[in-house]
Amino acid sequence: MSGRAPRVLVVEDDEILRDTLVEVMGDEGHEVRAASNGEAALELLAAWEPDLIVLDLMMPLMDAYEFRRRQRAGGLAGDARVLILSAARDLEAAADRIGADAWLAKPFRLLEVIEAVDRLVNERAA
Amino acid sequence: MNEQNDAVEPAAATSEPSLLRGEVAFRLLVEAVVDYAIFLLGPDGRILTWNLGAQRIKGYAADEIIGQHFSRFYTPEDREAGRPQFLLGRAAEYGRFEDEGWRLRKDGTRFWADVVITALREDADSRPYAFVKITRDLTERRAAEEQQRNLAAEQRARVAAEEALAARDRFLAIASHELKTPVASLQLATEALLRARDRGRLDDARLVTGLQRIGRASDRLGELIGELLDVSRLASGGPATRRQPTELCAVVREVAGRFADHEPDGRIRVSAPAEVWLGADAARLDQVVTNLVDNALKYSGETEPVDIEVIDRGGAVELRVTDRGIGVEASTKDRIFEAFGRGANAEHYRGIGLGLYISQQIVARHGGRIDATDRTDGRGSVFTVTLPREVPAE
């Protein structure tokens, strides 16, 4: 990905969180796209490969678990890092199950998410 | 000497001594039975014979009880009520009579007895010359049965407590998840505004968008807190419904108008007569219509229409909200009206699982009912509220 901006896909059903994250990541110089559920995210992945997927766990239509299953089965964005954002309990276990690289419990600080995103896209670049 | 004579008597002797021997053996057998009190009563109820079982169960030795009246085994209440005579009378009448009840031991303690009294007669028409009384001590069995019942009751209480605990856990999990989401939005939107200002990127458009997001998140938080407070009020008996003459169609149009502002044109369709009056608490009815329409919008696609109908049924008024969404799974039809109950297919939608519960409670307080069915002509569900018409006389 050297030479181009890091690509971040935000998958989150809460409109306010989604739009704000897109705005903030854009300010950070990332190329950002967003989806409100797993199904919409899969459609995006068909034509666009992000470096990082910021993923909410519980979403209507298709939750994170089903999304990851289909993403793997379809060989879509297989190298992308995954950051989970959720208000659910026991995120560590969920992150483990889903094969995520990191997780943040809602509510989180803006700086926490910026730092986590930076770290994960840099890891991916290294 | 007798023993010797008995012993040498040939096996195939005449029938007389053999019958006699049979009686002796039978008497010995009865005397030796320890689990049952088996004894004879004369026609007047006096005790003629006694066995080991009777001694064990009732505590009297043969020589201190033979000749006594059998009513001494009965409690004072039963004696007072003439129960001993009554039982003998029944046995005389029917040939055999069975009874269960408290009896007294020699030491005055009570035991739970199963008693069979059989009348002995020379021939079918004659009066009984004696009664056989067989008594079993069922105290232990009765205690065991009672213990069993207590255990079962305890078990039920434990299951209920566990269910209450599980419901509370479910509530905490859902409530915390649902409350954290708008808090996360508030926090993120606020921090994003501050960060944009620090970096000189905060123009008017961004400020307005950010503040609107903060406003929406606060609204959502307020709604959730309102729902939680409603539920705690419902749980403690309130809130009071003030039923006054209310025009339902106006309530419906008002609610529809509020939602229509945020929905594509024509998504919310109202079909109602000019006016339908009923006795109701207008604010609570507003809440019911709001919850049902909110549900219909939430569980269907962003452009799929939602129909709200008011139907005048004479003595009753019907409110129907129809969507083209995910429908209600048959297995969870009843659960959706419970507190924190959600349809199996609704788990990952925002919400706390209280809207339908609150609506159901409000409708019930109006003497009405609420039902959920699938649409018959396609995907989606129909929620029907039926309310009695009567306007309270004032």
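Which strands of chain A does helix α4 lie across, and at what angle does it run to β4(A)? In this predicted model, helix α4 (residues 91–98) of chain A lies across β4 (81–86) and β5 of chain A, and its run makes about 145° with β4(A).

**The sheet in chain A**

Those strands belong to an open sheet of five, ordered β2-β1-β3-β4-β5 (chain A), and the pairing is parallel. At the edges you find β2 (31–35) and β5 (102–105) of chain A; each has a single partner strand, so one side of each has no neighbour in the sheet. Going from one strand to the next, the twist averages 20°.

Let's look at one pair in that order. β1 (residues 7–11) and β3 (residues 52–56) of chain A pair in the parallel sense, with four bridges between them. Here Val8(A) sits opposite Leu52(A) of β3(A). Helix α1 (residues 15–27) of chain A packs on the sheet too, where it touches β1, β2 and β3 of chain A. The direction of α1(A) makes about 170° with that of β2(A).

| Helix | Residues | Strands involved | Angle |
|---|---|---|---|
| α1(A) | 15–27 | touches β1, β2 and β3 of chain A | about 170° with β2(A) |
| α4(A) | 91–98 | lies across β4 and β5 of chain A | about 145° to β4(A) |

**A helix pair in chain B**

Over in chain B, helix α9 (residues 248–260) packs with helix α10 (residues 282–298) at an angle of about 45°, and their axes are 9 Å apart. That angle makes α9(B) oblique to α10(B). As for handedness, α9(B) passes α10(B) in a right-handed crossing.

Who makes the contact? From α9(B) come Leu248(B), Val251(B), Val252(B), Glu254(B), Val255(B) and Phe259(B). α10(B) answers with Ala282(B), Leu285(B), Asp286(B), Val289(B), Thr290(B), Val293(B) and Leu297(B). Sorted by class, the residues of this contact are 10 nonpolar, one polar and two charged.

**Where the chains meet**

How many residues does each chain put into the contact between A and B? Chain B brings 22 residues, and chain A brings 19 residues. On the chain B side, the elements giving two or more residues are α7 (139–198) and α8 (204–235) of chain B. α7(B) gives the most to that side, with 15 residues. By class, the side of chain B that touches chain A holds nine nonpolar, six polar and seven charged residues.

How values were computed:
Residues are numbered from 1 along each chain as its sequence is written. Chains are lettered from A and ligands numbered from 1 in the order in which they are written. This is a predicted model: local features need pLDDT of at least 70, side-chain atom pairs count only at pLDDT 80 or more; totals for chains, interfaces and linings use all residues. Two residues are in contact if their C-beta atoms, placed from the backbone, lie within 7 Å. Ala, Val, Leu, Ile, Met, Phe, Trp, Tyr, Cys and Pro count as nonpolar, Asp, Glu, Lys and Arg as charged, and the others, Gly among them, as polar. Axes are lines fitted to C-alpha atoms, for helices over the stretch in contact, and angles run from 0 to 180 degrees between N-to-C directions. Angles under 35 degrees count as roughly parallel, over 145 as roughly antiparallel, 65 to 115 as roughly perpendicular and the rest as oblique. A crossing is left-handed if the near helix is turned anticlockwise from the far one by less than a right angle, and right-handed if clockwise. Two strands pair if DSSP finds at least two bridges between them.
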